[in-house]
Amino acid sequence: MVIVKTTVRRDVLTLPAAAPGPENPLPPLLPLRNVHTLDERAKEGLPRDMARQLGYAPLSSPLPTRVLDGYGRDRTDTDLDVIVVENARLRATVLPGYGGRVHSLLHKPTGRELLYRNPVLQPAAFALNGAWTSGGIEWNIGATGHTTLSCAPVHAARVRAPDGGEMLRLWEWERLRDLPFQVDLWLPEDSDFLHVGVRIRNPHEKPAPVYWWSNIAVPDERRVLAPADEAWHFAYTGALRKVPVPEFEGADRTYPRNSEHPADYFYDVPGGARRWIAALDDEGHGLVQTSTDLPRGRKLFVWGTSPGGRRWQEWLTEPGTDGYAEIQSGLARTQLEHVRLDAEAEFSWLESYGPLSAPADRVHGEWAGARDEVAARLADALPREAVDAAHEAWLASADTEPGETLATGSGWGALEVLRAGHKLPGTPFAESTLGPDQAPWLELLHTGAVPEPRKVAPPGPTLVAPHWRDMLETAPARPLAEYHLGVAQWHAGDRAQAVRSWERGLELAPSRWPLLRCLAVADHAEGNTERAADRYAEAFDDLCQERRDDGPVWTVATAALGREAITELLAAHRTEAARAVWDRLHEATRAEGRFRLVEAQLLFAEGDMDGVRAVFDAGFEASDLREGAETLGDLWAAATGEAVPERYDFRMRPTEG
């Protein structure tokens with residue numbers, strides 16, 4: 001018998017892909033719409049620990065990350081760098097440029113793909129900062145929702161595995177919570193299970209809120225099984241309630257296609273029970289995921305069979321492809337919670353992914369028997385003790401310094417290590433990764449001053465963590481420093497002081513529009529629509545006078561500020577001013593699908609219902625339509641009084657009335 005050693009290698013995968021696009025240069029001072037907001041009444045009667053974690057450290061915005069909303073819907077064949085981890089039994093294909101997502105997990109003896117492998121790479125506005133793609137296994141860290149690293153590169157390197165073979169290490173600095181993390185993919189020789197060691201470290205002197213969910217896309221013609229008889233059900237109506245498993249409201253909800261509307265089922269796994277979740281097809285074959293005990297949460301997400309759910313699935317892939325559901329594993333019982341990580345402490349655990357088969361009549365029989373059958377099959381294939389032993393073995397290798405670099409992430413971790421002198425064995429953040437975005441902050445760190453720009457351009461990203469805010473407080477009060485200071489103060493909740501900083505910056509600023517836009521957002525947040533509209537109009541005028549060319553930097557800035565300005569001017573019923581902004585957008589910008597929606601909204605405000613219908617009839621795709629958005633349907637219904645066409649129906653809630 002020939003034993004195939006585990007290998008870790010680079011490769012190239014060609015997929016039809018739409019690029020994530022450039023970053024939006026406007027700092028996201030307000031949260032993007034969050035569909036996972038719980039109605040306050042729903043919190044009554046919840047378990048004490050769950051209620052406490054539901055209210056722990058919610059995000060006020062995606063800062064310090066920037067929004068990715070500049071992608072389109074046109075896909076071209078694209079060569080993507082991938083890393084392949086392979087032994088004689090499994091082949092895992094990883095996308096280091098997309099948060100380290102596992103794109104494919106192939107069981108070689110049977111030829112079965114264990115995941116839902118998306119045939120395209122299409123960004124959509126599901127991440128906390130915008131662009132996200134579906135399929136495979138994604139590593140979600142940060143806060144409730146999809147990670148800001150969904151369409152971002154992470155560091156990757158070859159590492160010596162616990163058994164002496166090769167292991168793939170992925171790591172980055174998660175910026176929402178200011179925490180480093182690592183994900184080690186270890187495939188022992190001749191093993192049917194991919195082990196994934198995860199470690200999140202808090203190098204700071206204060207506790208930090210932590211969120212982690214591993215999201216696993218699987219074909220939706222499966223039965224999903226977990227060791228639970230109840231689940232916490234969250235629909236997109238703001239309600240969280242305990243429901244029985246498997247049957248709820250007259251249907252067996254462990255079959256994703258039995259749900260009409262999108263919904264989350266967080267399985268209430270009893271304390272002491274083994275943590276696992278599986279998705280098996282009509283013949284009893286599929287994927288199982290298990291872990292050590294720290295990740296207590298297991299979840300099923302379904303898109304449902306309603307027109308909105310079907311439309312979202314087409315939106316994320318392409319018409320004619322099979323649907324998918326997600327089985328998930330997380331630190332808390334639900335995704336609405338954040339968990340406290342003490343100062344200078346860490347969380348670590350091991351997850352395992354592999355094939356599982358059981359008799360079809362047992363898998364699709366009554367719930368208790370099906371659940372027990374899968375648990376027994378898992379115990380035979382990978383005993384609980386073996387997972388615990390693999391975790392202990394991996395911990396001994398977690399600090400091993402990486403070998404050959406396979407991919408490079410951002411320079412933000414290197415900046416933090418330089419600032420604080422953090423010692424993070426196993427996850428080096430090399431100074432060589434520092435780039436232009438970090439350069440002004442490196443100068444602030446070394447000189448105590450924010451450098452003024454050498455050429456006219458939109459401001460770079462702002463750091464908002466307390467230590468950087470403290471440095472900005474003592475930096476010379478130049479216009480750009482006041483701009484960044486105001487953003488950091490706003491993020492800290494000191495909105496009045498933020499406004500004062502921006503107003504001070506305006507007095508001497510050669511570039512006024514970034515500060516005026518921040519002040520306009522502040523007015524909007526206070527409900528002062530008229531003044532917000534005035535400031536947006538002034539900011540857009542200033543940008544148009546300042547922009548130097550029609551290159552990508554100024555086109556992106558004009559598009560971002562123009563859309564916000566039009567929205568606020570329409571809210572203030574100033575349609576002529578909104579039209580004037582529209583007319584000064586670049587022609588290519590006005591032709592984008594997301595701006596055809598803006599055009600339809602503008603025509604509606606002008607009373608031109610025939611014009612609104614003409615835009616819809618011509619067809620457009622608003623590429624950055626957010627999860628749960630009902631904008632298209634509401635506009636169509638208001639303009640025509642007719643039922644929403646399927647291509648524009650993205651509703652994730654039951655229709656009211």
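This is a predicted model: local features need pLDDT of at least 70, side-chain atom pairs count only at pLDDT 80 or more; totals for chains, interfaces and linings use all residues.
In soluble globular proteins, nonpolar side chains tend to be buried together. The largest nonpolar core of the model comprises 83 residues, and the members that touch the most others are Leu168, Trp212 and Tyr267. When neighbours within four places in sequence are set aside, the contacts of leucine 168 are Val8, Ile83, Val85, Val94, Ala156, Ala157, Val183, Asp184, Leu185 and Leu406. Another core, of 58 residues, lies apart from the largest one, and its members include Trp441, Tyr536, Phe540 and Ala565.

Trp441 of this 58-residue core also takes part in the packing of helix 7 on helix 8. The axes of these two helices are 11 Å apart and form an angle of about 65°. Because angles of 65 to 115 degrees count as roughly perpendicular, helix 7 and helix 8 are placed in that class. The crossing of helix 7 past helix 8 is left-handed. Helix 7 contributes Trp441, Leu444 and Leu445, which meet Trp468, Met471 and Leu472 of helix 8.

Helix 8 spans residues 466–474, and its buried residues are His467, Trp468, Arg469, Met471 and Leu472. These buried residues pack against three helices, namely helix 6 (412–420), helix 7 (439–447) and helix 9 (479–491). Arginine 469 also provides a reference point for leucine 382: the two residues are 87 positions apart along the chain, and a separation of 49 Å lies between their C-alpha atoms.

Leucine 382 occupies the loop between helix 4 (367–381) and helix 5 (384–395). Its relative accessibility is 9%, and leucine 382 therefore counts as buried, the limit being under 20%. Beyond its neighbours within four places in sequence, leucine 382 is in contact with Phe193, His195, Arg274, Thr290, Ser352 and Val387.

Two further helix pairs were examined. Helix 11 (residues 513–525) and helix 13 (residues 552–571) have axes that come within 12 Å and cross at roughly 30°. Since angles under 35 degrees count as roughly parallel, this description applies to helix 11 and helix 13. Helix 11 passes helix 13 with a left-handed crossing. On the helix 11 side the contact is formed by Trp513, Arg517, Val521 and His524, while helix 13 supplies Trp554, Ala557, Leu561, Glu564 and Glu568. By class, the residues of this contact are five nonpolar, one polar and three charged. An α-helix has 3.6 residues a turn, so residues three or four places apart point the same way.

The second pair consists of helix 17 (residues 609–618) and helix 18 (residues 631–640), whose axes come within 9 Å and cross at roughly 135°. Helix 17 is therefore oblique to helix 18. The crossing of helix 17 past helix 18 is left-handed. Met609, Val612, Arg613, Phe616 and Asp617 of helix 17 make the contact with Leu632, Leu635, Trp636, Ala639 and Thr640 of helix 18. Seven nonpolar, one polar and two charged residues make up the contact of helix 17 with helix 18.

Several local features of the backbone were also identified. Most residues other than glycine have a negative phi, and most peptide bonds are trans. The peptide bond from leucine 63 to proline 64, however, is cis, with omega near 10°. Proline 64 lies in the loop between helix 1 (48–54) and strand 2 (76–86). Valine 245 and proline 246 are likewise joined by a cis peptide bond, with omega about 10°. The loop that holds proline 246 runs between strand 17 (240–244) and strand 18 (247–248).

Positive phi values occur at two residues described here. Aspartate 190, which is not a glycine, has a phi of about 60°. This aspartate is placed in the loop between strand 11 (179–186) and strand 12 (194–201). With a relative accessible area of 37%, aspartate 190 is partly exposed. Glutamate 249 has a positive phi near 50° and is located in the loop between strand 18 and strand 19 (251–252). The relative accessibility of glutamate 249 is 58%, and this residue therefore counts as exposed.

How values were computed: Residues are numbered from 1 along each chain as its sequence is written. Side-chain values use heavy atoms; hydrogens and water are left out. Axes are lines fitted to C-alpha atoms, for helices over the stretch in contact, and angles run from 0 to 180 degrees between N-to-C directions. Helices (H or I, at least four residues) and strands (E, at least two) are DSSP runs, numbered from the N terminus. Angles under 35 degrees count as roughly parallel, over 145 as roughly antiparallel, 65 to 115 as roughly perpendicular and the rest as oblique. A crossing is left-handed if the near helix is turned anticlockwise from the far one by less than a right angle, and right-handed if clockwise. Contact means heavy atoms within 4.5 Å. Ala, Val, Leu, Ile, Met, Phe, Trp, Tyr, Cys and Pro count as nonpolar, Asp, Glu, Lys and Arg as charged, and the others, Gly among them, as polar. A nonpolar core is a set of buried Ala, Val, Leu, Ile, Met, Phe, Trp, Tyr and Cys residues joined through side-chain atoms within 4.5 Å. Buried means under 20% relative accessible area, exposed over 50%, partly exposed in between (1.4 Å probe, protein chains only).
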